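Subject: Structure handover

Hello,

Here is the structure I promised to pass on. Please open it beside this note; what I found follows below.

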Amino acid sequence: MLEPTSSKAPALRRALGPFAASALLTGTVIGTGIFLVPSTIAREVDSVGLVFLVWTLGALLSLAGTLTYAELGAALPAAGGEYVFLSRAYGPVWGFLFGWQQVVIGKTGSIGAIAIALAIFLGYFLPGLDRPWLAWEAWKLTGLQAVAIGSIALLTAVNYAGVALGGAVQSCLTLLKVAAILALAALVLGSGQGAWSHFQSVPAAEPVRSVGDFLAHFGAAMAAALWAYDGWNNLTLVGAEIRDPHRTIPRVLILGILGVAGLYMLTNLACFYALPLAAVQQSPRVAQDAARLVLGDWGGTALSLAALVSTFATLNGSILVGARIFYAMAGDGLLFRPLAELHPARHTPAKALIAQGLLSSGLVLLLGGDNAAFERMLDYALFGTWGFYGITVLAVIALRRRHPDLPRPYLTLGYPWIPLVFAGVALLFCISIALRRPVETGIGLALLALGLPFYAYRRQRPA
């Protein structure tokens, strides 16, 4: 029987200190969401007050998740994150199913979607990237796809060179994106070109929604906000490479998500100061439009560049952490053994990084290179991701019962209610996704089920 963790896999270097870990968390959470999501939320709830309520609830729910993951990450600081937690709490098949979902579509699809978003932002400076370069019947290759694949290859090479280099790149890019967001807020709020009257409630032009209609729109707004906050779990995937993980992981998880929430609130404050609700609802790029209105054309250009840097940082962080899932599973024999091999000089999971890059690039080629492809990849990944979030937080309860002697340098605040509430909300969120996206949900579940025969095959092979 295979061991439930990757204890037999080669050791990784603990090269990520608190600052690099903080940059990794912040950089993978703050990506495209804060630049694209505000208009979606404003359209769904049709009220500035409700917009801020949605962002606040999203922050609280994400904080509940980090409070729980902090205990898991401090107790089991190994490569693979949820893969390790689920294997120890419920058995190896549950860890495998999480890892399989991430390998097939979850993490690889997320990397592909972020790379496409990066190419779309670059298209602001290089018009015509969406034009086909090659076409064959229904399939086409566009400049957006080429840029997306090129960016995946570049950052895979960076992280191949060493986790310290990948962490340093992440730190620099994250500093740039945080500085850009703070500069936007300071310039807009200090310009005197906006109006605080934008925050006042105005009578609705349409009839009052029914309770069911309101809840449906509020749920859609929450889904958008949670996408913007997503990525807080990524830090635990590199638990084996964080220095002093028992202290660093809980602190970075909790303080990091609070810092992200503060930046999101500040950005929304600046955007609504510059633009009235109706303008926010109609704008596909709210932050850029707010900067352009207050600072002129150069402001919009600067914010588009900031969005590009932000997305680049998110892509780098996702590539860095994602390969550790391949590595951990291969170390337990649940994926092909070569994926658990470390580079002899650089101590990175080199073959896992390459495999992840190839799969992500394949999805970019298969699903296309435009906004629709970006949304398709997220739809396929969202249901499984939140399903495993809910199961993972309950692992805190299971591990306390099954492994009471496991060292726990941090204990979940509000146990067991915070894990139970988070798991309940995750269940409701998955039901909402299934009702809104039944086809994508069905495909995601089918892909997950296809992993079981592969699991049985790998279990039968000698260790």
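Trp55 touches Ile34, Val37, Pro38, Ile41, Ala225, Ala228, Tyr229, Tyr264, Met265 and Asn268, leaving aside residues up to four places away in sequence. Contact here means heavy atoms within 4.5 Å. Trp55 belongs to the largest nonpolar core, which has 141 residues. Ile41, Trp55, Tyr264 and Trp386 touch the most other members of that core. A nonpolar core is a set of buried Ala, Val, Leu, Ile, Met, Phe, Trp, Tyr and Cys residues joined through side-chain atoms within 4.5 Å. Buried means under 20% relative accessible area, exposed over 50%, and partly exposed in between (1.4 Å probe, protein chains only).

A word on the source. This is a predicted model, where local features need pLDDT of at least 70 and side-chain atom pairs count only at pLDDT 80 or more, while totals for chains, interfaces and linings use all residues. Residues are numbered from 1 along each chain as its sequence is written, and side-chain values use heavy atoms, with hydrogens and water left out.

Next, the cavities. The whole structure holds 2 cavities of 30 Å³ or more. A cavity is a set of points on a 1 Å grid over the protein atoms alone where a 1.4 Å probe fits but cannot get out; lining residues have an atom within 4 Å of a point. Volume is the space filled by probe spheres set on the points, which are joined across faces, edges and corners.

The largest cavity has a volume of about 450 Å³. Its lining has 30 residues, with Ser110, Ile114, Trp227, Asp230 and Gly231 nearest the centre.

The second largest cavity has a volume of about 40 Å³. Glu71, Arg400 and Arg408 are among its lining residues. Helix H14 gives the largest share of that lining, 4 residues. Helices are DSSP runs (H or I, at least four residues), numbered from the N terminus.

Glu71, Arg400 and Arg408 are linked in a network of salt bridges. A salt bridge is a side-chain nitrogen of Lys or Arg within 4 Å of a carboxyl oxygen of Asp or Glu. The count comes to 6 by this rule. Arg400 and Glu71 meet at 2.8 Å, N to O. Arg400 lies in helix H14 and Glu71 in helix H3, so the pair ties together parts 329 residues apart in sequence. Glu71 is buried, at 2% relative accessible area. Arg400 is partly exposed, at 22%.

Best wishes

Note on methods. On a 1 Å grid over the protein atoms alone, a cavity is a set of points where a 1.4 Å probe fits but cannot get out, and a pocket is an open set with protein on both sides within 12 Å along at least five of seven lines; lining residues have an atom within 4 Å of a point. Helices (H or I, at least four residues) and strands (E, at least two) are DSSP runs, numbered from the N terminus.
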